[in-house]
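Welcome to my notebook. I went through this structure piece by piece and wrote down what I looked up.

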Amino acid sequence: MSGIKAFYERFKGKRYAYLVSYTVLFCFFSLIIFFYFPLYHKGFIWQQDGLKQHYNGLLYYSKYLKGIIGTLLSGGGLHIPKWDFSIGYGSDIITTLHYYAIGDPLTLLSAFVPLSLMEFFYAGLFFLRSYIGGLGFSFMSLSRGHSRFYTLMGALIYCFAAFGLVLGLMHGIFMVPVCYFPWMIYGVDRIFDKKRPLVFILSTAAAAAANFYFFYMELLLTLLYIVHRFICFEKDRYEVSQTPSVYAGDLLKAFAAFLVFGLNAFLLCAAVLLPVLFVMFSSERFAAAKYVPLLYPFRHYMQLISNLMVTRKAGNWTLMGFTVIGALALILAFSSKEKDKEIKRLKFRFAVLSVFAMIPAFGFMINGFAYVTNRWTFAWALSAAMITAAVLPEAGKRIRENRKGFVMILSLLSAGAVLFFFVRSEEALLSYVLLLLLCITLISGVITEKYLKPVLFAFLSLSLFFNGWFSYSTADSDFLDEFRDFHGADRSLNSPFPGNMLEGTEGEGFFRTEVCGTDNTQNSSIQTGFKGTQFYFSLTSPYISDFINSLYLNWPKDYDYDGVESREGLEALAGVKYFITGEDTKYKVPAGFSPVSEGQDDSGNAAFLYKNENALPLGFSTRYVIGRKDFDALNAAGRQNALLSGAVLSEEDRERLVSEGFSEGEIRDDSESVFKKIESKGDMDIDSNSFTVRRNASVLITFEGRKDAETYVVFKGLEFRGFKERERYDEGAWAGLTPFERSKVRDKNTTDSRPSVTSLMLDHNGHVEIVEFYNYKNDYYCGRENFLVNLGDTGDGEGTVRISFRESGVYSFDSLEVVSQPTDSVTERIRGFKDAVMEDITLGEDLVKGSFDTPDDRILLLSIPFSPGWKAFVDGKETGILRADLMYMAIPLRAGKHSIELRYETPLLKTGVVMGIFGIIMLFVILYSIRVLKPHSGRGD
C-alpha cells in the first residue's frame, strides 16, 4: 500500500497528471453510460435524421475526399466536385452537406478511414467531440485557479450532460458546439488575461467552418460573455481606483481587438462559410413567419425542475441533466450570499441562461429567428459545470453558513419534482432521492473533509450511471430501439435496390427515377448515385420551394420532399423516366407509364418497374413564353397546364423575349370540377369553409369520376386550430361522462397544449393518401397552406373519398375542390416539347454538354434546378440563363445548330478561398505584431 501511495504522490505532481486522469475517467464513464449499445449490437446512428442525413452526409464526404485525393495522386490535378445530380433533383455539394460534415476539421479524418469502419468512426466522432469539449472546459477552469479534482468533476458533468446524451446522439453534428464552444470562451479569457489570441481565433474559425447553424448560437453567446467580462473588469477597476466612470477608450480597445480577431477567424473559414451563408439567407425554411408565444406552458417550467439532473427534456428541446453533483453545486451557490466575485459572476451568467430557457423569445432569437427551440443548452451545461468547479471545494462550509437557505431551495426543488404528476418520472424521483441523501449526509456533518471528495465522486458516478441506465436500457426506455444495428446503416444506404432494377439503362442518357411504396431509405441516392427526386437536408433551394408551394405539392416542409405526386405532366418536366413501386402502391403509377419488370426491395417485398413512354430528355424546347403574373392567377390544375403550354418566366423576362420575337403562350386549361356533395360522419360540424372536428369524425365527399383522367382533391388556404381535451366534448357528450372521466379530461386539459400538427387521411377505394399539416405555431411550419392530393385515375361514374382527421379541432379553408384533369391533353402537350431536343448529352463533374438543332427560334428548357452557380456557353460564347418553370433553367436560342455547354461553380467559393488566403496572412501578422488587449491589470474573473 505504501508503494501505491508513493506512486500516487509522485503522479499527482506531474504536469500531465490531469490529462491522464481526465482521459481515463472520460473513457470509464463513456463505457458505463453507453455500454447498452455494444451489449445489444447497436450503433450510434439514429433511425431518422442520423441515418438519412448525418451519417449519410459523413459517408458521402469520406468518399468525396477519397475521390479528390485519388485524382490528385493519379496526376489529374486538384479538382473539387461542386454539383451532384444525385442530391435531390441536383444540388450544390458543399452548401448542402456543410451542415452535416463538410467544414469540420475533425471530419477530414474520414478521408483515412476505410468505408467498412465508417460506422465506428461516426461513433468515435461523438466521443472525440465530447472529449475535446471537456478538455476545453478543463483549460478554462484550471486557468481560473480551480482545483484539479473539482475541475475534473465539472468536465465530466459538461461532457455527459443531457444535451450530448440525447440531442448529440440523435444528430451527430450537434456535438460540434459541445466541442468548440468551451475553447471559444477560454480564448476570450486568455485575451482578457493579456495572452495571445490564437486559441480564440482558431476555435472561432473551426466552429464557424464546422456548422453555420450552431456557430450563430456560439457567436451570440460568446458576445454576451465578452460584454459581461468587460463590464466586470470595469466594475473591479471602479472599486479599486475610484474612477467616476467606465473609460470609453477601454471599451473601444476591447471592441477593436475582438473585431480584428473575429474578422481573422471569419476570413480563415470563408471558403466554406461564405457560400453557405449565401444559400441560407435565400432559403425558404428561414423565411416563413413563426409564432413566438409570450410564455411556455406551465408544464415546461415544472419540467425544468424535475429534469434538472436527468436526461429527459422539457419543451422545445430544453435539456439539462446536470447530475446530482451539478444540482448540489447550484443549490450551494444560490443559497449563499456571495463574497467571491467570480462565483457571483458565474451565478449571474447561469441565471441569465436560465431566463433564456424560460422565455420563448430568447429561444427564438438564439435559434436564428427560425423557430422557438432551446438547442443552445450546451452553454447552460458549461455554466453549471463551471459553478461546480468553483463552488464544491467549500461545500461543507457553505452548508454550515447558509443552512436555512440551502434547505429552503432544496425543499422547493424537491416539491416541484414530486408534487406535479405530469412531470413526475422514475428517474427524476431517483435523482432527487440521491440528492436528498447526499445533502442530509453533508448537513449532518458525518463526512469529514478527508472523505468529501470520494463521496462526491461516488454520487457523481451513480448519477451518470443512472442517466445512462434510464436513457438507454431496454427496461426503462425505448430510445435504444431508435438506433440502427451495427452495419445496418451501411446496408440501407448502399443497398443494391433500387439500382439493380435499373440495370441495362446506362446507355439511355440522363433520366430520373421516382421510388415509392418500397423499402428504400430517403437520400440513399447520394450513395448509390442514381438520379432521383428525394431530398431531406437542412438547406434547400428557394426555387424548388417555390415550385412545391405553387403547384400545391403535398410536402409540408421546404427541405423534405419526394417526387411530384405522380402527376403525369410534372413527372415529364422533371425528366422522370422510370417509376418503381411496391405491390400496395401500384395505384400511384402515373399515367403514361407502362410495366417493364419485377424485382424485390431490401426486405424481400415485391417491387415493380415502370417506364414513362412520354419522358422528356434533359433539354427540350418550346416556342412560347408565359408570364408569372398569368401563372399565379390560375388554380392548381391550371398552373400545371401553364407549365405544359410554354416556358413560365418572370414578367421581366417574358416582356424582353416577346419584344425579341418569341410568342406568348396560350394556356389551355381543360381541367374541370367534378365535386358533387359532402356529408359528415361522427361528432363534427360542417359549414361552407370549415370542419369542426371533435371525436371519431370524418367527411365523405362524392364526385363524378372521369376515365383517363387524374382526379385531384385540392385544399386552398388550409388552417388548423387544435382543440384542448375539454373542447373535444360538446355539452351532450360532456353530460354523459362520469365524474371520474370528467376529472381525467380536466387534468389532461390543464397539462396538454393545443396540437399544432395534424394529418388528413384521404381514403379512396382503400387507397390512403395523407396530408400532413403544420399550423403557424409549429416549429416546422414553412408557410404551406395549399395542398393537392392526386387520387389517380378514378374511372367513370360516381366516386367517393373519405377524409379522416388525426386531431380534433377546427379545419378551415378558402376552398375545397375535386378536379379532373384529362391525361390525353397532358400527353399531347408533353409531346409538343419534343419537336427539338438537346442531343449528344454528356455529363461530367460540374459540366453538361450537348448539341441543339432547331428550325426556328426556341427556348431550350433544362430539367436542372436553377442556381446562380450555373453558367451557359452557346457556341463558345457565354449566354445568360433564365429561371423557368419556377425551379428549372432555360436558354433562349435562335434558329440553327448550337453546341451547348453548362459549367457549375459554387457561388462565392472562389471569393471565399481568396479571403481565406488573406486570413492566413492576417493570422501570421497578428501573431508577430499583436499587442494583446491591456486595459487593466489583474486576472479578472
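**Terms.** The axes are lines fitted to C-alpha atoms, for helices over the stretch in contact, and the angles run from 0 to 180 degrees between N-to-C directions. Helices (H or I, at least four residues) and strands (E, at least two) are DSSP runs numbered from the N terminus.

**Ground rules.** I am reading a predicted model, where local features need pLDDT of at least 70, side-chain atom pairs count only at pLDDT 80 or more, and totals for chains, interfaces and linings use all residues. Residues are numbered from 1 along each chain as its sequence is written, and side-chain values use heavy atoms, with hydrogens and water left out.

**H14 and H20.** I started with helix H14 (residues 323-334) and helix H20 (residues 426-444), whose axes come within 10 Å and cross at roughly 55°. H14 and H20 are therefore oblique to each other. I looked up which residues make the contact (heavy atoms within 4.5 Å). H14 brings Val324, Ile325, Ala327, Leu328 and Ile331, while H20 brings Ser431, Leu434, Leu435, Leu438, Cys439 and Leu442. Sorted by class, the contact of H14 with H20 has ten nonpolar residues, one polar and no charged. For the classes, Ala, Val, Leu, Ile, Met, Phe, Trp, Tyr, Cys and Pro count as nonpolar, Asp, Glu, Lys and Arg as charged, and the others, Gly among them, as polar.

**H10 and H32.** How do the axes of H10 and H32 cross? Helix H10 (residues 198-210) and helix H32 (residues 909-929) have axes that come within 11 Å and cross at roughly 165°. That makes H10 roughly antiparallel to H32. On the H10 side I found Leu198, Ile201 and Leu202, and they meet Leu923, Ile926 and Leu927 in H32. The contact of H10 with H32 has six nonpolar residues, no polar and no charged ones.

Next I checked the loop between helix H13 (298-306) and H14, which holds asparagine 316. Asparagine 316 has a positive phi of about 55° although it is not a glycine. Tryptophan 317 lies in the loop between H13 and H14 too, and its phi is positive at about 60°, again without being a glycine. For accessibility I used these cut-offs: buried means under 20% relative accessible area, exposed over 50%, and partly exposed in between (1.4 Å probe, protein chains only). Asparagine 316 is partly exposed, with a relative accessible area of 23%.

Does the span of H2 agree with or differ from what its 18 residues should give? The expected span is 1.5 Å times one less than the number of residues. For helix H2 (residues 17-34) that should be 26 Å, and its end C-alpha atoms are 26 Å apart, which agrees. I listed the buried residues of H2, among them Tyr18, Tyr22, Phe26, Phe29, Ile32 and Ile33. Ile32 came up again when I turned to phenylalanine 465, which touches Ile32 and Phe35, not counting residues up to four places away in sequence. Phenylalanine 465 is found in helix H21 (residues 449-472) and counts as partly exposed at 27% relative accessibility.

**Tyrosine 186.** This residue has its place in helix H9 (residues 175-192). Is tyrosine 186 buried or exposed? Tyrosine 186 is buried, with a relative accessible area of 9%. Not counting residues up to four places away in sequence, tyrosine 186 touches Gly136, Phe139, Met140, Ser143 and Val199.

**Serine 820.** I found serine 820 in strand E25 (residues 815-822). Serine 820 is buried, with a relative accessible area of 2%. Leaving out residues up to four places away in sequence, serine 820 touches Asp670, Ser671, Glu672, Val674, Arg706, Ala709, Glu710 and Thr711.

**A cis bond.** Last, I noted a cis peptide bond joining phenylalanine 497 and proline 498, with omega about 10°. Proline 498 is found in the loop between helix H22 (488-493) and strand E5 (512-516).

Terms used: Angles under 35 degrees count as roughly parallel, over 145 as roughly antiparallel, 65 to 115 as roughly perpendicular and the rest as oblique.
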